Amino acid sequence: AAAPADLDAYWMPFTANRQFKQAPRLLARADGMHYWTPEGRQVLDGVAGLWCVNAGHARPKIVRAIAEQAAEMDFAPPFNMGHPKAFELAEKLVQITPAGLDKVFYTNSGSEAVETALKMAIGYHRARGEGTRTRLIGRERGYHGVNFGGVSVGGIAGNRKTFGPLLGGVDHLRHTHDLARNRHVRGVPEHGAELADDLERIVALHDASTIAAVIVEPVAGSTGVLLPPKGYLERLRAICDKHGILLIFDEVITGFGRLGAPFAADYFGVTPDLMTVAKGITNGSVPMGAVFAKSFIHDAFMNGPEHLIEFPHGYTYSAHPLACAAALGTLETYADDGLLTRGADMARPFEDALHALEGLPHVLDVRNIGLVGAIELEPIPGQPAKRAFDVFLECWRRGVLVRVTGDIIALSPPLIVETSHIEQIAGTIGEVLKAQA
Ligand code: PMP
């Protein structure tokens with residue numbers, strides 16, 4: 001396919017980085033662990049597309065499922081009825097979600113899953129006669145998508161300011177990433193669980209009976225792979241239970257095997273009341289997200305007292321046949337290759353390769369858990385985000401795709417990654433850091 005000469009004339013890729021015009025612009029093809037440029041150059045995918053292509057690109061069962069579904073039925077309205085794959089998929093998903101999360105609500109993205117979970121929490125309380133529980137709590141440096149609810153509970157202060165006024169009644173927990181205390185920690189930091197007690201501070205500010213839910217990413221992804229200190233999530237769960245507050249885990253990145261367990265909830269042994277997912281649910285192939293909920297919460301929201309919901313919450317494309325078919329093909333592929341737990345086997349070589357970069361020029365911190373990791377660089381004075389972006393550009397030239405967020409390089413390779421790929425990714429970053437010193 002031919003792209004226009006001025007690539008940004010009609011559509012622009014998203015970026016917060018003013019250097020982006022120098023960035024690689026076109027991806028032509030993808031297969032397994034690799035992308036190809038239009039010139040035929042192979043690039044190793046160190047981020048699974050955008051933390052989503054967990055089984056690697058162009059997996060045959062997923063490709064076939066989408067093609068067959070497109071021929072059989074393109075669309076089915078999700079109001080009052082549905083197609084068989086929507087029901088089949090929900091049952092299969094519930095078989096792999098943590099015990100207790102046994103209802104599925106389909107969305108088309110992570111952002112929509114977040115909005116749905118927030119509304120479900122508030123709607124549930126209201127259906128039970130606790131209409132005062134409307135306050136929402138997020139966490140600093142949390143990322144929950146781009147819609148207004150997600151930006152409101154999100155912890156990106158600049159975005160909250162730019163698009164405000166946002167949802168009222170929102171507070172933010174202090175974030176857990178303490179570089180001074182947790183530098184170069186392998187896996188989760190030992191110290192800092194007491195930061196969860198910040199929830200008690202917020203509860204004391206408002207009455208607990210006004211708070212609907214707390215939403216956190218178990219491991220914050222997009223803002224730089226920030227790991228929860230050991231015991232932090234357990235403590236958050238206990239405080240929520242004490243005050244009747246619902247706990248939402250945003251597992252859009254951590255879901256579907258990224259940490260070496262099916263979900264972060266499994267990895268940490270903490271079950272939320274609601275869980276949002278997207279990305280890996282269809283291996284990135286067709287847009288889809290979902291909320292997994294405890295039955296009594298989901299059912300109160302969907303089917304609460306009649307006068308409460310005049311018009312139901314749902315999207316035209318909820319349970320889209322192509323997405324459901326793609327997700328079924330994805331789950332089969334994950335099962336065939338044991339990918340929901342493969343990250344546990346590959347975590348050690350990944351950890352070793354990343355931590356071998358400690359001590360290289362400008363490396364402030366190296367972090368890892370399962371098959372997600374980050375290398376945090378010292379910013380160039382007066383030029384925030386430039387150092388990491390330069391590393392991204394040079395890695396691309398040398399055949400490796402990484403993700404940058406600020407001055408942090410984030411890695412989340414497809415879960416089919418082999419040790420040789422891990423060595424190529426970390427080795428390339430190491431060479432670039434030395435060359436750019
Ligand atoms: N929540 C989290 C934790 C995410 O990482 C993302 C996307 N990176 C989203 C929500 C938003 O998902 P989407 O881009 O599919 O709307």
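Reader: At what angle do H12 and helix H14 (residues 419-435) pack?

Author: Two packed helices are described by the angle between their axes and the distance between the axes. Here H12 and H14 pack at an angle of about 20°, with their axes 9 Å apart. Axes are lines fitted to C-alpha atoms, for helices over the stretch in contact, and angles run from 0 to 180 degrees between N-to-C directions. Helices (H or I, at least four residues) and strands (E, at least two) are DSSP runs, numbered from the N terminus. This is a predicted model, in which local features need pLDDT of at least 70 and side-chain atom pairs count only at pLDDT 80 or more, while totals for chains, interfaces and linings use all residues. Residues are numbered from 1 along each chain as its sequence is written.

Reader: How are H12 and H14 oriented to each other, roughly parallel or roughly antiparallel?

Author: Angles under 35 degrees count as roughly parallel, over 145 as roughly antiparallel, 65 to 115 as roughly perpendicular and the rest as oblique. H12 and H14 are therefore roughly parallel. The crossing of H12 and H14 is right-handed; a crossing is left-handed if the near helix is turned anticlockwise from the far one by less than a right angle, and right-handed if clockwise.

Reader: Which residues in H12 and H14 meet?

Author: Pro349, Phe350, Ala353 and Leu354 of H12 meet Thr419, Ile422, Glu423 and Ala426 of H14. Two residues are in contact if their C-beta atoms, placed from the backbone, lie within 7 Å. By class, this contact has six nonpolar residues, one polar and one charged. Ala, Val, Leu, Ile, Met, Phe, Trp, Tyr, Cys and Pro count as nonpolar, Asp, Glu, Lys and Arg as charged, and the others, Gly among them, as polar.

Reader: At what angle do the axes of H2 and H11 cross?

Author: The axes of helix H2 (residues 60-72) and helix H11 (residues 321-337) cross at roughly 155° and come within 8 Å. That makes the two helices, H2 and H11, roughly antiparallel. Their crossing is right-handed. Residues of H2 in the contact include Ile62, Ala65 and Ile66, and those of H11 include Leu322, Ala325 and Leu328. The contact divides into nine nonpolar, four polar and three charged residues.

Reader: Now the sheets. What is the order of the open sheet of four strands?

Author: Strands of a sheet pair through backbone hydrogen bonds, either parallel or antiparallel. The open sheet of four strands has the order E11-E12-E15-E14, with antiparallel pairing. Two strands pair if DSSP finds at least two bridges between them. Strand E11 (363-369) and strand E14 (403-405) are the edge strands, each pairing on one side only. E14 and strand E15 (residues 408-411) share three bridges, and threonine 405 stands opposite isoleucine 408. Helix H12 (residues 339-355) packs on this sheet, touching E11 and strand E12 (372-377), and its direction makes about 180° with that of E11.

Reader: What is the order of the open sheet of seven strands?

Author: Its order is E4-E10-E9-E8-E7-E5-E6, and the pairing is mixed. The edges are strand E4 (101-107) and strand E6 (170-173). Neighbouring strands of this sheet are turned by 20° against each other on average, direction ignored. Strand E5 (residues 135-139) pairs with E6 in the parallel sense over four bridges, and glycine 138 has histidine 172 as its bridge partner in E6.

Reader: Which helix gives the largest share of the shell around the ligand?

Author: Helix H4 (residues 110-127) does, with three residues. The shell holds 15 residues, and the closest are Ser109, Gly110, Ser111, Gly145 and Val252. A residue is near a molecule or strand if its C-beta atom, placed from the backbone, lies within 6 Å of it. By class, the shell has five nonpolar, eight polar and two charged residues.

Reader: Which peptide bond is cis, and where is tryptophan 51 found?

Author: Most residues other than glycine have a negative phi, and most peptide bonds are trans. The bond from glycine 164 to proline 165 is cis, with omega near 0°. Proline 165 lies in the loop between helix H6 (157-163) and E6. Tryptophan 51, in helix H1 (residues 48-51), has a positive phi of about 60° although it is not a glycine.
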